[in-house]
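Okay, thanks for coming, everyone. Let me get the chain up on the screen and then I'll talk you through it.

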Amino acid sequence: MPNTVESNNNNVCNGPLNGKRIILGVTGGIAAYKAAYLASALVQRGADVHVVMTQHAMQLVAPATFWSLTKNPVITGLFELPTKSEIEHVSLPESADLLLIAPATANIIGKMANGLADDMLSTMALVVRCPVIIAPAMNVNMYTNPIVVANVDRLRQHEYIILEPEIGRLACGNEGIGRLLDPDKIIQRVEEVLIGGRRDYARLNVLVTAGPTQEPIDPVRFITNRSSGKMGYAIAEMAAKRGACVTLVSGPTDLPAPEGVEVINVTTVHEMHDAVITRIKDVNVMVSAAAPADFTPAQVRDQKVKKSEKWTLELDRADDILEEVGQMKGRMVLVGFAAETEKIEEYAKIKLEKKNLDLIVANDVSPGSDVFGSDTNQVTLFSRTGEKIEWPRMSKREVANAILDYVKNHFMEALS
Ligand SMILES: Cc1cc2nc3c(=O)[nH]c(=O)nc-3n(C[C@H](O)[C@H](O)[C@H](O)COP(=O)(O)O)c2cc1C
């Protein structure tokens with residue numbers, strides 16, 4: 001069996017991945033044998049699959065397995081003599097539509113998070129400009145080791161797609177998080193990334209609020225908060241990608257409008273209130289991710305207040321948009337956020353009840369929690385059905401998709 005063979009792809013198949021070139025990176029984890037299933041499933045869906053194996057992966061699965069499944073050369077070493085005039089570690093990744101690394105060891109994650117390139121796979125990972133999906137699999141202590149957690153976070157921040165491993169019995173005998181995500185779910189994510197994926201929100205109207213509000217106190221000053229709007233924008237973006245008709249009511253942010261989303265820009269909580277209430281009628285799902293002011297100045301001064309003045313600011317309670325929507329929601333699914341600095345569970349549950357929500361997404365915004373402005377978020381869900389789910393830190397896009405999944409799976413009836 002040759003290590004590298006002339007490209008001989010005759011995977012003539014009219015599957016959904018037809019014409020897509022996928023590099024499948026296989027590293028030295030015990031789940032390496034599952035990569036054979038992945039290679040086969042991707043080929044059956046029409047993809048042109050090129051497997052790159054690390055030296056340690058070859059101790060666990062023979063390259064011949066992948067060669068026979070993909071009919072393409074299995075690339076195993078950086079310094080093998082190329083079969084073509086092109087330099088393989090550059091030409092293949094440059095032409096790839098996707099790099100999928102499954103299983104991904106702690107080692108490859110550490111190397112990628114630090115820009116190291118000491119073998120063919122890690123080198124190609126630096127060359128590719130296509131989406132990269134990483135499916136980690138390892139012992140629970142390895143996956144929860146703070147250094148590995150930080151490496152995974154770093155990759156997420158650079159827009160790598162991390163497929164969170166499953167919780168269960170691991171090959172080492174331990175129980176916990178670390179088992180490779182179900183290969184069929186990996187294939188599903190590949191399809192989502194390459195061909196636009198799920199349209200499970202088609203024909204649904206989704207209204208999202210995002211960002212802070214600004215409450216003027218005089219012509220040059222206002223009261224605001226630290227919300228960046230990133231979470232709400234991610235929800236709007238993902239809902240639109242999944243086929244929803246999305247309206248995003250946004251307070252002032254620096255973020256670009258997500259593709260395919262109607263953005264209504266507002267400044268004050270009063271404007272946000274009116275923008276929401278006038279559009280709420282046919283909405284199927286509303287996600288309130290904005291941080292509208294709880295208090296507004298009782299008086300707005302006409303002229304700039306001078307430094308020489310002593311100034312006591314009186315504040316009134318602002319409109320409670322979510323509570324009002326909760327009272328009129330009917331069959332609509334209503335999702336709120338609770339950003340708290342203390343007693344997170346207690347306050348989130350009170351808000352869930354008081355505002356007649358179906359779901360509340362709670363996050364800790366105490367100093368040092370690194371939520372505002374960050375591209376990642378660690379949230380806990382509380383559902384009106386009594387369910388509590390704590391999710392690991394994920395990119396805000398992943399959190400957005402997970403919320404949309406939850407809504408679809410648990411409140412499907414209300415949406416159909
Ligand atoms: C039998 C066996 C199973 C292993 N399974 C895993 C695993 O599931 N995940 C992991 O991160 N490392 C695992 N390792 C350790 C890696 O093989 C080791 O860290 C290696 O350096 C990874 O190299 P690579 O990333 O270049 O493939 C395993 C080692 C052995 C001997």
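Quick housekeeping first. This is a predicted model, so local features here need pLDDT of at least 70 and side-chain atom pairs count only at pLDDT 80 or more, while totals for chains, interfaces and linings use all residues. Numbering runs from 1 along each chain as its sequence is written.

So, the overall picture. We have 15 helices and 21 strands in the chain; these are DSSP runs, H or I of at least four residues for helices and E of at least two for strands, numbered from the N terminus. The C-alpha trace spans about 80 × 50 × 45 Å along its principal axes. Of the 416 residues, 45% are buried, meaning 20 or more other C-beta atoms within 10 Å of their own; 12 or fewer is exposed, in between is partly exposed, and the C-beta atoms are placed from the backbone. Contacts here mean C-beta atoms, again placed from the backbone, within 7 Å. Taking contacts between residues at least 6 apart in sequence, 69% join residues at least 24 apart.

Now the five-stranded sheet. It's open, with parallel pairing, in the order β2-β1-β3-β4-β5; strands pair if DSSP finds at least two bridges between them. β2 (48–53) and β5 (161–162) sit at the edges with a single partner strand each, so one side of each has no neighbour in the sheet. β1, residues 21–26, runs parallel to β2 over six bridges, and R21 has D48 as its bridge partner in β2. Packing on this sheet is α6, residues 120–127, which touches β1, β2, β3 and β4 and makes about 125° with the direction of β2. For angles, axes are lines fitted to C-alpha atoms, for helices over the stretch in contact, and values run from 0 to 180 degrees between N-to-C directions.

Next, α5, residues 106–113. Is it enclosed or open? Six of its eight residues are buried, so α5 is largely enclosed by the rest of the structure. The cover over those buried residues includes β3, α6, β4, α7 and α8. Let's stay with α8, residues 146–157: the two axes come within 9 Å and cross at roughly 55°. That makes α5 oblique to α8, given that under 35 degrees is roughly parallel, over 145 roughly antiparallel, 65 to 115 roughly perpendicular, and the rest oblique. On the α5 side, the contact uses A106, I109, G110, M112 and A113, and on the α8 side V148, N151, V152, R154 and L155.

Eight strands, open, mixed pairing, and the order is β12-β11-β8-β13-β16-β17-β19-β20. Its edge strands are β12 (261–265) and β20 (388–390), each pairing on one side only. Inside it, β16 and β17 run parallel, joined by six bridges, with A338 opposite A362 in β17. Helix α10, residues 230–241, packs on this sheet, touching β8, β11, β12 and β13, and its direction makes about 165° with that of β8.

Last one: D405, in helix α14, residues 396–410. It has 14 C-beta neighbours inside 10 Å, so D405 counts as partly exposed. D405 and D200 are 205 residues apart in sequence, yet 9.2 Å apart in space, C-alpha to C-alpha.

Key. Two residues are in contact if their C-beta atoms, placed from the backbone, lie within 7 Å.
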